[in-house]
Amino acid sequence: MKILVCMKQVPQKDTPLKLNEAGTWIREDVSYEVNEPDAYALEEALRQKEKHAGEVVVVTSGPARAQQVLREALAKGADRAIHLEDDKFVGLDAFHTAKALAAAIKDEKFDLIFTGLQSDDYGYAQTGVILAELLGWPHATIIMQIEKTDSGIRVKRELEAGYFQYVDMPLPAVLTIQSGINKLRYATLIGIKQAKNKPMRKVPLAEVQAAMGENLQKIERLYVPEKTKKTEHIEGTPAEIARKLVDKLRNELHLL
């Protein structure tokens with residue numbers, strides 16, 4: 001099978017958030033890492049390749065620093081990479097990110113496209129399903145298991161309250177992968193050395209811009225949450241304290 005894995009570079013979870021001067025996004029000098037759900041999508045693609053043979057291709061969009069995500073994927077076993085390289089890809093909404101990806105792979109013929117369930121920064125969980133719609137392919141989300149069948153694939157979806165759903169799907173298809181579907185592997189020393197010689201195609205913004213339109217989303221301002229602490233002592237008899245506490249929960253905090 002020929003599988004494409006869409007990956008994203010996001011700010012590290014434990015890095016202190018620093019906003020740019022305009023307050024519209026995070027500064028470039030923070031630490032970045034691979035989006036966690038995308039790491040599980042890559043691992044599942046590599047396991048499918050090991051079972052059924054084929055090729056795993058990884059793609060990302062973003063500035064030059066985003067190439068590190070692709071290098072790590074190549075070191076783990078991906079065969080080649082595609083980098084939509086431009087700073088302007090960072091600010092794209094999910095719809096135009098999917099349009100850019102679809103334009104970049106228009107000459108490829110994939111059996112499966114994997115994305116992580118959602119990104120750790122925006123968290124929209126939209127890019128994968130929009131990409132499926134643009135391609136006219138069936139899709140399924142929150143995937144926990146994939147099995148190859150004679151007619152296509154059978155997937156296990158995670159639902160609410162501990163329930164699961166099994167779905168039979170034809171190929172080609174787009175799947176959004178849930179974190180925890182498998183156990184992540186580490187890149188070996190040999191894999192890191194081999195990654196340097198694996199092909200990486202760079203796609204400039206100009207190459208896919210004709211397929212895109214005006215961005216539908218604009219971030220006006222971000223705010224870093226302020227740490228505040230306030231302790232209030234309620235006095236009175238037990239009945240008075242209970243009455244005052246209920247009043248505050250209902251009328252001030254709106255929790256009741």
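Ile192 is located in helix α5, where helices are DSSP runs of H or I with at least four residues, strands are DSSP runs of E with at least two, and both are numbered from the N terminus. The structure is a predicted model, in which local features need pLDDT of at least 70 and side-chain atom pairs count only at pLDDT 80 or more, while totals for chains, interfaces and linings use all residues. Residues are numbered from 1 along each chain as its sequence is written, and side-chain values use heavy atoms, with hydrogens and water left out.

Ile192 counts as partly exposed because its relative accessibility is 41%; buried means under 20% relative accessible area, exposed means over 50%, and partly exposed lies in between, for a 1.4 Å probe and protein chains only. Apart from neighbours within four places in sequence, Ile192 is in contact with Ala75 and Ala187, contact meaning heavy atoms within 4.5 Å. Ile192 and Ala173 are separated by 19 residues in sequence and by 30 Å in space, C-alpha to C-alpha.

The UniProt record, in an unreviewed entry, lists residues 22-212 as "domain: Electron transfer flavoprotein alpha/beta-subunit N-terminal". UniProt positions are given in the numbering used here, feature names are shortened, and annotations may be inferred rather than shown by experiment. Within the model, the span 22-212 is 30% helix and 28% strand, and its end C-alpha atoms lie 25 Å apart.

Helix α1 comprises 17 residues and reaches 25 Å from its first C-alpha to its last, close to the 24 Å expected at 1.5 Å a residue; the expected span is 1.5 Å times one less than the number of residues. The buried residues of α1 include Tyr40, Glu43 and Glu44. An α-helix has 3.6 residues a turn, so residues three or four places apart point the same way. The helix α1 is followed by Ala53, whose phi is positive, near 65°. Ala53 belongs to the loop between α1 (36-52) and β4 (55-62), and it counts as partly exposed because its relative accessibility is 46%.

With residues up to four places away in sequence not counted, Asn182 touches Tyr40, Glu43, Glu44 and Arg47. A polar atom of the Asn182 side chain lies 3.4 Å from the backbone oxygen of Tyr40. Asn182 is buried because its relative accessible area is 11%.

Just after α4, Gly136 takes a positive phi of about 75°. In the loop between β6 (112-116) and α4 (127-135) is Ala125, a residue other than glycine with a positive phi, near 60°. Ala125 counts as partly exposed because its relative accessibility is 36%.

Aromatic side chains were considered next. A pair of aromatic rings is described by the distance of the centres and the angle of the planes. A search of the whole structure finds one aromatic pair. The pair is formed by Tyr122 and Tyr124 and is stacked, with 5.2 Å centre to centre and 5° between the planes; rings of Phe, Tyr and Trp (its six-membered ring) pair if their centres lie within 6.5 Å, and planes under 30 degrees apart count as stacked, over 60 as edge-to-face and the rest as tilted. Tyr124 counts as partly exposed because its relative accessibility is 34%.

The charged end of Lys156 sits over the ring of Phe164, 4.3 Å from its centre, and Lys2 lies over the face of Phe110, at 5.0 Å from the ring centre. A charge sits over a ring if NZ of Lys or CZ of Arg is within 6 Å of the ring centre and within 35 degrees of the ring normal.

Two further loop positions complete the description. Pro172 is found in the loop between β9 (164-169) and β10 (173-177), and the peptide bond from Leu171 to Pro172 is cis, with omega near 5°. Leu222 is placed in the loop between α6 (205-208) and α7 (238-252). Not counting residues up to four places away in sequence, Leu222 touches Leu19, Gly23, Thr24 and Trp25.

Definitions and conventions: Polar contact = N/O pair within 3.5 Å; in protein donor to acceptor, adjacent residues only side chain to side chain.
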